[in-house]
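Here is a walk through one model, from its sheets to its core, a few loop residues and the ligand shell. Have a look at the fold first.

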Amino acid sequence: MLELAIGTGRIALPLAAHGIDVHGIDASKAMIAKLREKPGGDRIPVTLGDFADVGVSGRYSLVFVVFNTFFGLLAQEDQVRCFRNVAEHLTEDGLFVLEAFVPDVARFDRGQRVSVSRVGLGEAWLDVAKHDPVDQLVSSQHLVVSEQGIRLYPVQVRYAWPAELDLMARLANLALRDRWEGWTREPFTERSGSHVSVYARAGA
Ligand SMILES: C[S@@+](CC[C@H](N)C(=O)[O-])C[C@H]1O[C@@H](n2cnc3c(N)ncnc32)[C@H](O)[C@@H]1O
């Protein structure tokens with residue numbers, strides 16, 4: 001199987017420890033170096049590159065991207081390209097699994113949001129975000145304010161609703177096989193805040 005954006009191996013390492021043959025792609029040398037430092041991390045083949053390209057050889061029975069990381073592709077065309085490239089690297093009965101949040105634009109008031117996630121004696125954690133509904137982009141900063149100064153943790157995502165992801169799948173000749181709210185197959189409903197979606201070749 002192949003994990004897009006394998007990171008430091010949070011998911012891939014336990015899978016490999018169960019004897020599963022996992023490969024990965026990641027664009028960050030620093031993240032791959034951290035993976036290599038962990039027990040078993042040196043045995044997982046990792047390709048350095050943009051996961052939208054799926055620049056690996058061979059085909060996989062399972063390709064997956066979790067933890068909203070698909071939305072790290074910041075343009076619709078990159079997300080569409082990713083679906084197409086994944087489809088080209090699936091075996092005939094292969095599956096593509098994508099875990100992501102369901103967008104909730106009601107979180108934004110006139111295109112912005114400020115929220116406090118933690119207040120302690122020595123520091124406060126703030127989240128500030130701007131929403132662009134045209135390109136479906138959310139640019140946010142997680143700020144940690146303390147006497148030592150302000151630390152910034154920027155995050156940008158280009159969100160997509162499940163229906164748009166399904167359309168991207170169709171463009172890649174894939175079709176939705178299953179959708180759950182989470183990993184224990186909870187039913188996906190109109191109130192679900194997240195989804196685990198499983199795509200297969202159309203007609204397979
Ligand atoms: C939040 S981590 C997720 C890592 C792992 N999948 C997990 O769930 O723990 C996001 C990872 O995606 C990688 N990443 C983000 N955009 C990428 C891209 N376009 N191509 C390849 N890797 C990317 C980052 O380098 C980082 O390692």
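Tyr 60 stands opposite Leu 90 in β5. That pair belongs to β4 and β5, which run parallel and are joined by five bridges. Before going further, note that this is a predicted model: local features need pLDDT of at least 70, side-chain atom pairs count only at pLDDT 80 or more, and totals for chains, interfaces and linings use all residues. Residue numbers start from 1 along each chain as its sequence is written. Helices (H or I, at least four residues) and strands (E, at least two) are DSSP runs numbered from the N terminus, and two strands pair if DSSP finds at least two bridges between them.

The open sheet here has seven strands in the order β3-β2-β1-β4-β5-β11-β10, with mixed pairing. At its edges are β3 and β10 (174-180), each pairing on one side only. From one strand to the next, the twist averages 20°; axes are lines fitted to C-alpha atoms, for helices over the stretch in contact, and angles run from 0 to 180 degrees between N-to-C directions.

Two helices meet these strands. α2 lies across β2 (23-26) and β3, and runs at about 160° to β3. α3 packs on the sheet and touches β4, β5 and β10, its direction making about 145° with that of β5. Contact means that the C-beta atoms of two residues, placed from the backbone, lie within 7 Å.

## The four-stranded sheet

There is also an open sheet of four strands, ordered β6-β7-β8-β9, with antiparallel pairing. β6 (112-119) and β9 (149-158) have a single partner strand each and stand at the edges, so one side of each is left without a neighbour in the sheet. Direction ignored, neighbouring strands of this sheet are turned by 15° against each other on average.

How many bridges hold β7 and β8 together? Strand β7 (residues 123-132) pairs with strand β8 (residues 137-146) in the antiparallel sense over 10 bridges. Glu 123 faces Ser 146 in β8, and Asp 132 has Leu 137 of β8 as its bridge partner. The hairpin of β7 and β8 has four residues between the strands, and in it Gln 136 takes a positive phi near 60°.

Moving on, β8 and β9 pair in the antiparallel sense over 10 bridges. A hairpin of two residues joins β8 to β9. Leu 143 has its bridge partner, Leu 152, in β9.

## The nonpolar core

Nonpolar side chains tend to be buried together in soluble globular proteins. In this model, the largest nonpolar core has 40 residues, and Phe 51, Val 63, Phe 83, Val 86 and Phe 96 have the most contacts inside it. Such a core is a set of buried Ala, Val, Leu, Ile, Met, Phe, Trp, Tyr and Cys residues joined through C-beta atoms within 7 Å.

Which elements supply at least two residues each? They include β1 (2-4), α2 (29-37), β4 (60-65), α3 (76-88), β5 (90-101) and α4 (162-171). β5 gives the most, with five residues. As for Phe 83, leaving aside its neighbours within four places in sequence, the residue is in contact with Met 168, Ala 169, Leu 171, Ala 172 and Leu 174.

## Loop residues worth a click

Most residues other than glycine have a negative phi. Val 54, in the loop between β3 and β4, has a positive phi of about 45° although it is not a glycine. Is Val 54 buried or exposed? Val 54 counts as buried because it has 23 C-beta neighbours inside 10 Å; the cut-offs are 20 or more other C-beta atoms within 10 Å for buried, 12 or fewer for exposed, and partly exposed in between, with C-beta atoms placed from the backbone.

Phe 67 sits in the loop between β4 and α3 and also is not a glycine, yet has a positive phi of about 60°. Its 14 C-beta neighbours inside 10 Å make Phe 67 partly exposed. Gly 58, found in the loop between β3 (46-48) and β4, is exposed, with 8 other C-beta atoms within 10 Å.

## Around the ligand

The ligand is surrounded by 18 residues, the closest being Ala 5, Gly 7, Arg 10, Ala 27 and Ser 28. A residue is near a molecule if its C-beta atom, placed from the backbone, lies within 6 Å of it.

By type, the shell splits into 11 nonpolar, four polar and three charged residues. Ala, Val, Leu, Ile, Met, Phe, Trp, Tyr, Cys and Pro count as nonpolar, Asp, Glu, Lys and Arg as charged, and the others, Gly among them, as polar.
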